[in-house]
Amino acid sequence: KALARWLVEQAPGIELKVFVDTAPVMEKPLAEAAGIGWQGKHTNLVSRAEGSWLFLGAIYTTLELEPDEPHAARCGSCTRCLDACPTDAFPAPYRLDARRCISYLTIEHKGPIPEEFRAAIGNRIYGCDDCLAVCPWNRFAAGGRAHRAFVPRAQLAAPELGELLPLVDARFRQLFAGSPIKRIGRGRMVRNAAIAAGNSGRAELVAPLRALVDDEDSVVAEAARWALAELSSPALAGEELSVLLPGAERGDA
């Protein structure tokens, strides 16, 4: 918006519209055409300077601008991002099956998460950055320059599952105010926490899960029942998993 205001000041009378995840704009192909980076085999944009850790915003305008040269693809023979995916969500390089993607399942998907993916989700309760994190181009990314709006809050860096499972709507909104997590709502967050609890092997989570089996949200109730069944499995006994929020304060893929 600041850049858009500056453009209007420099060229009064132009028309423009700003987009930052607010409309179905194909920002990644546009960014590649603008020379910012290229779409990697994980379908996200990769920059030689920033690696995979960058956000894209777009301004549509009537202002005549001299275009930069499109960026060449530089993935080469590397397949680290494809190999790292816990749910095999890439049927081929440069193709993503969102129905298998943990970021889609934990953030965008509103119903029950298919059981075939629940074990692979592990302790991921909001998104998944695995395909981004393994990209070799990240070693060139400049650190320490993150906008303050994207710096994780301490209380959200490693939340405790036992504190997330009992969340009611009002407490959820209070806890995640100012965070992109708030957009998914209490139901999806508690559903995700229940699945992580089922994968944790932690007996102390049985009580908060039992409190959810009759939850007014049927998706939450089903996830809680599944988790309780998993925790009763001898194969999980004794395992301890910490829970993370990968990319939660960055808005995630």
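Predicted model: local features only at pLDDT ≥ 70, side-chain atom pairs only at ≥ 80, totals over all residues.
What is the nearest side chain of opposite charge to arginine 191? That's glutamate 222, and it is 8.1 Å away. Arginine 191 is buried, yet has no salt bridge.

Okay, let me zoom out. The protein has 253 residues, and 42% of them count as buried. It has 12 helices and 4 strands. Along the principal axes, the C-alpha atoms fill a box of roughly 65 × 45 × 30 Å. And if you take the contacts with a separation of 6 or more, 68% of them come from residues 24 or more positions apart.

Now, on to the salt bridges. How many does the structure hold? The count is 9, and I'll walk you through a few.

Take glutamate 204 and arginine 202, whose side chains meet at 2.8 Å, N to O. Arginine 202 is buried, at 10% relative accessible area, while glutamate 204 is partly exposed, at 45%. There's a network here too: salt bridges link Glu160, Arg202 and Glu204.

Next up, aspartate 130 and arginine 124, with their closest N and O atoms 2.8 Å apart. Arginine 124 counts as buried at 18% relative accessibility, and aspartate 130 is partly exposed at 24%.

Then we have arginine 99 with aspartate 97, a salt bridge at 3.0 Å, N to O. Is arginine 99 buried or exposed? Exposed, with a relative accessible area of 62%. Aspartate 97, on the other hand, counts as buried at 17%.

One more arginine before we move on. Arginine 118 lies over the face of tryptophan 226, 5.3 Å from the ring centre.

That brings us to the rings. The count comes to 4 aromatic pairs. One of them is phenylalanine 19 with tyrosine 60, an edge-to-face pair with 4.9 Å between the centres and 65° between the planes. Why edge-to-face? Because the planes are 65° apart, and the label applies over 60 degrees. I like this pair, since it links distant parts of the chain: phenylalanine 19 is in strand E1, residues 16-19, and tyrosine 60 is in strand E4, residues 58-61, so the two are 41 residues apart. Phenylalanine 19 counts as buried, at 14% relative accessibility, whereas tyrosine 60 is partly exposed at 41%.

Another pair is tryptophan 137 with phenylalanine 140: 5.5 Å centre to centre, 50° between the planes, and tilted. Tryptophan 137 is buried at 19% relative accessibility, and phenylalanine 140 is partly exposed at 45%. Which residues do ring pairs link into a cluster? Trp38, Trp137 and Phe140.

Notes:
Residues numbered from 1 in each chain as written. Heavy atoms only, no water. Phe/Tyr/Trp six-rings, centres within 6.5 Å; stacked < 30°, edge-to-face > 60°. Buried < 20%, exposed > 50% of the residue type's maximum accessible area, 1.4 Å probe, protein only. Lys NZ or Arg CZ within 6 Å of the ring centre and 35° of its normal. Lys, Arg positive; Asp, Glu negative; His and termini not counted. Salt bridge = Lys/Arg side-chain N within 4 Å of Asp/Glu carboxyl O. Contact = heavy atoms within 4.5 Å.
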